[in-house]
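Colleague: I am new to this structure and would be grateful for a guided reading. May I put some questions to you?

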Amino acid sequence: MIQAIPLAKLIPSKRNVRRQTDTLADLQLKADIEARGLLQNLVVTPLTKPKGAYAVEAGGRRLAALKALAQENKLPKTFEVPCLVLDDTDSSAVEAGLAENFQRLAMNPADECLAFEHLINEGATIGGVAARFGLTVRFVEGRLRLANLAPIVFGALGRGDITLDIAKAYAVTPDRERQELVFEQVSRGYGALNPDSIRRMMTQATLSAADPRARFVGEDAYVEAGGRIERDLFADEASTRWLDIAIVERLATEKMEAAAAALQAETGLAWIKPTLDEHVGWEHTQSLLRLHPEQLPLSDDEQAEVEKLQAAADDLVGLLEDEETSDEDCTRAESELEETERQIDAITSKPPVLDDEAKANAGTFVVLGRDGIPRLCGQYYKERPEREGDNDDEKRSSLETGNARPAAPSLSQRLLDELAMQRRDVLAAHVAADPDFALDLAIFIMASQQSGYQSERMGSSLRAPHPQDPAFGFKTPDAPATIEQNRMLEELDRSWVEGDTLAARFDAFRALAPEARAAWLGVLVAGTLEASLNQPGSLNCAFHDHLGQVLGIDAAAWWRPTAPLFFDRASKPVMFEALGAVGGPTLANRYSMAKKAELAATCERIFSGDHILEAEVKQAALAWVPEVMRFKAPEPAVDPSADASSPDNEQSSETEQASDIEQDQAPGPDREAA
């Protein structure tokens, strides 16, 4: 059972199987725990003396690192450590110590599979193996499933010919014959190293006639190539099955390559690469530079057509939100709304413009839409210039995995690893001594990891990834905050990304003006912020409220509750509450008989100031935002013994007034930040 035990109650076990340690490795472990926290629980047994103490059977190095951090006041001495408590027996303690060493070893996944399979064959249970090695049952089950892969696939995993993710893709079904067939096909075909493609081929023993690849190939071409069809004459197209998926993949690949060649000739681009997926995956673009050509604005006629279609879409949304709408009308409205949104997207999704000089070095991808029609992905890239060693398969593989090692047959691997760590420490000491250089390096590393900028090993664990948003695919292109972020992105100086090597790009980045480098830092740090609300729950972040207070953010100046963003999505009681908050019961009762769509449109006009109202009501409406959107100061702790007239309270009042003045001077959407 996992328990949280105070650090002071933990002592090293005398039965610990580890007798030797490594000072440098211990320091590295300590730094890792300080940076990322304790990632794996300790394994302990209870002691009778001293009372309430526990002996650490597995995790002695982690315990030593935690105690060292506590001595340096980087952890409280009362810090509670997650521990798996075992029975106080010699056998369980020794086994726990062995488990620690097992976890420490970076085993090949195939070796792990065979080790777990051996334990199960010896009579152990999956749950028992998971408990003995501090793993989850699902992890053990996954490795056992990989152990049952077809020999040709499992052998490739053991040799390192395929990655663990690819092996997992083969294991989605236990059919070994299917695994062998797909392995042979993808080893010869296009996209052999794409786990998604393998998983798709493994799960789709047959193909629906409505599949995009089937639509793209066409039934006549498929049958002519020897493909078989299983047809239900009394069912729809989706029930018709194509039995030879390998033929479909081959025909679709050939046809897509031809489409790419035709589009390349038509567009004048240097290259166009085909993919049978609907979207371009990261594996296709990791060695490319993303281009940012100019986007064509909409013409007056196009803008008018978009506004007309948007008005029609709003009417359809109102019809769907109306509780009195019949099921038949809802079905029709949903279909019409989908078509309307498609028309809007067709007008607004204009491809960017490239001049002839840029086209000579630029390329893109052609993807396969759900309708079975190939289309350009809409983003342009250029290939990095080849560098010495790029055509050496072994060197390139080492670069990709980060495992390149110098050839030094006279030195042991252990010594090479130790020398690498000491060399790193020498470099780190110099970086730490130059804060300006360190800041440039941090910004450069984070910026280089953005799409299209990463091709070489960085040699750093620093990251600035965008967090996962709670609502997938949600966009607000017309919101002031989004417009401002896009403006800052467009104004970033990207001249440094043209360098042929990572070193050249770093030198070019450092040569930028301080303001240009600082702009990158601001955008990168801002991109790491998570979604948050001012309310209890999983999205609450009190620190964001504090940041908003420090920056003097007026949420109402940056965000207005329009119909698409808020009122169309809110219930009528919520809208009545908002009206009552700015105009009292009189304003709320004025629209009590309105339908939901009409009420949402009216609220949008009122809260945007585009409505005839009393001056004080209009002012309140323009300042209103949902409470969850505000950046509120934390509630001060009330001291009942404090005197309201004390000097401290007077000073607090002056501080609050100063804060109000700062907020009044804070930048808004129409004011430029200092």
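Colleague: Where is the place of D440?
Modeller: In this predicted model, D440 belongs to a helix that spans residues 435-448. That helix is α20.

Colleague: Is D440 buried or exposed?
Modeller: The relative accessibility of D440 is 7%. Buried means under 20% relative accessible area. D440 therefore counts as buried.

Colleague: Which side chain does a polar contact join to that of D440?
Modeller: The contact in question has a length of 3.2 Å. It joins the side chain of D440 to that of R510.

Colleague: How many Å apart in space are E184 and I152, C-alpha to C-alpha?
Modeller: In sequence, E184 and I152 are 32 residues apart. In space, their C-alpha to C-alpha distance is 9.2 Å.

Colleague: Is L551 buried or exposed?
Modeller: L551 is found in helix α24, which covers residues 542-551. Its relative accessible area is 57%, and exposed means over 50%. L551 is therefore exposed.

Colleague: What is the area of the nonpolar surface patch made by V550, L551 and I553?
Modeller: L551, an exposed residue, contributes to this patch together with V550 and I553. The area of the patch is about 270 Å².

Note on methods:
Residues numbered from 1 in each chain as written. Predicted model: local features only at pLDDT ≥ 70, side-chain atom pairs only at ≥ 80, totals over all residues. Heavy atoms only, no water. Helix = DSSP H or I, 4+ residues; strand = E, 2+ residues; numbered from the N terminus. Buried < 20%, exposed > 50% of the residue type's maximum accessible area, 1.4 Å probe, protein only. Polar contact = N/O pair within 3.5 Å; in protein donor to acceptor, adjacent residues only side chain to side chain. Patch = residues over 30% accessible without salt bridge, like charges linked within 9 Å, V, L, I, M, F, W, Y side chains within 5 Å. Areas by Shrake-Rupley, 256 points an atom, 1.4 Å probe, with all protein chains shown as cover. Salt bridge = Lys/Arg side-chain N within 4 Å of Asp/Glu carboxyl O.
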